[in-house]
Amino acid sequence: MPFTPFHMGPALVIKVASGRHFSVLVFGIAQVAMDIEPLIGIIKGWTVLHGWTHTVAGATLIGIAVFLLARPLCNWILRRWNRELEYHKLHWLRSPEPVTRPAAASGAFIGTYSHVFFDSIMHADMLPLRPWSADNALLGLISIDALYLACFVAGLAGVAIWFALSHKSNNKRSP
């Protein structure tokens, strides 16, 4: 997928379903971390853009790194986000802080593994089970258009449900 945005759609549905047990911010950082190798490949003109980082083994290593490094950054972002929302009287959009270790772990590893899964469906240079297998059984599982549409619809659904739940929660707190 073209550098991450479509990957966020399913993450929003996961966030709505799991609440504080999943960090969509950590998930987003995991997406960016996964696409560093293809970005370098594009810049350098490599023929294979999805190498070791787009394998289950690579995703595990990146997931560990993101889990260990992303929490402080995400907690800082959330503090700033919540202060801005308070200033603009948008309390109902506040996000719970801090990001817990379980939420960071789920965001990091769901982020990296889902990235490998989705990219395996559409990129011919993907070998997700390398070094154990030189096959990609997921390639072409569904069309690229169907994959984009599914991720886009998931994103819309996640945002709509999140807004509805936030608004409902806000109304319960109001006298």
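Visitor: In which helix does Met-34 lie?
Guide: The model is predicted: local features need pLDDT of at least 70, side-chain atom pairs count only at pLDDT 80 or more, and totals for chains, interfaces and linings use all residues. Residues are numbered from 1 along each chain as its sequence is written, and side-chain values use heavy atoms, with hydrogens and water left out. Helices are DSSP runs (H or I, at least four residues), numbered from the N terminus. On that numbering, Met-34 lies in helix 2.

Visitor: Does Met-34 count as buried or exposed?
Guide: Buried means under 20% relative accessible area, exposed over 50%, and partly exposed in between (1.4 Å probe, protein chains only). Because its relative accessibility is 0%, Met-34 counts as buried.

Visitor: With which residues is Met-34 in contact, leaving aside its neighbours within four places in sequence?
Guide: Contact means heavy atoms within 4.5 Å. By that criterion, and with the sequence neighbours set aside, the partners of Met-34 are Thr-53, His-54, Ala-59, Ile-62, Thr-112, His-115 and Val-116.

Visitor: What distance separates the C-alpha atoms of Met-34 and Tyr-113?
Guide: Along the chain, Met-34 and Tyr-113 are 79 residues apart.

Visitor: Which residues of the largest nonpolar core touch the most other members?
Guide: A nonpolar core is a set of buried Ala, Val, Leu, Ile, Met, Phe, Trp, Tyr and Cys residues joined through side-chain atoms within 4.5 Å. The largest has 16 residues, and those touching the most other members are Val-26, Val-66 and Val-99.

Visitor: Which helix supplies the largest share of this core?
Guide: At least two residues of this core come from each of helix 2, helix 4 and helix 5 (101-122). The largest share, seven residues, comes from helix 4.

Visitor: How many disulfides does a search of the whole structure find?
Guide: Cys-74 is buried because its relative accessible area is 0%, and Cys-151 is buried because its value is 3%. A disulfide is a pair of cysteine sulfur atoms within 2.5 Å. The number found in the whole structure is zero.

Visitor: Which residues does a cis peptide bond join?
Guide: The bond has an omega of about 15°. Its proline, Pro-131, has its place in the loop between helix 5 and helix 6. The two residues joined are Arg-130 and Pro-131.

Visitor: Which residue other than glycine has a positive phi, near 60°?
Guide: Most residues other than glycine have a negative phi. The residue in question is in the loop between helix 4 and helix 5, and it is exposed because its relative accessible area is 65%. It is Lys-89.

Visitor: With which residues is Gly-51 in contact, leaving aside its neighbours within four places in sequence?
Guide: Gly-51 lies in the loop between helix 3 (36-44) and helix 4. Because its relative accessibility is 9%, Gly-51 counts as buried. Its contacts, sequence neighbours aside, are Glu-37 and Arg-130.
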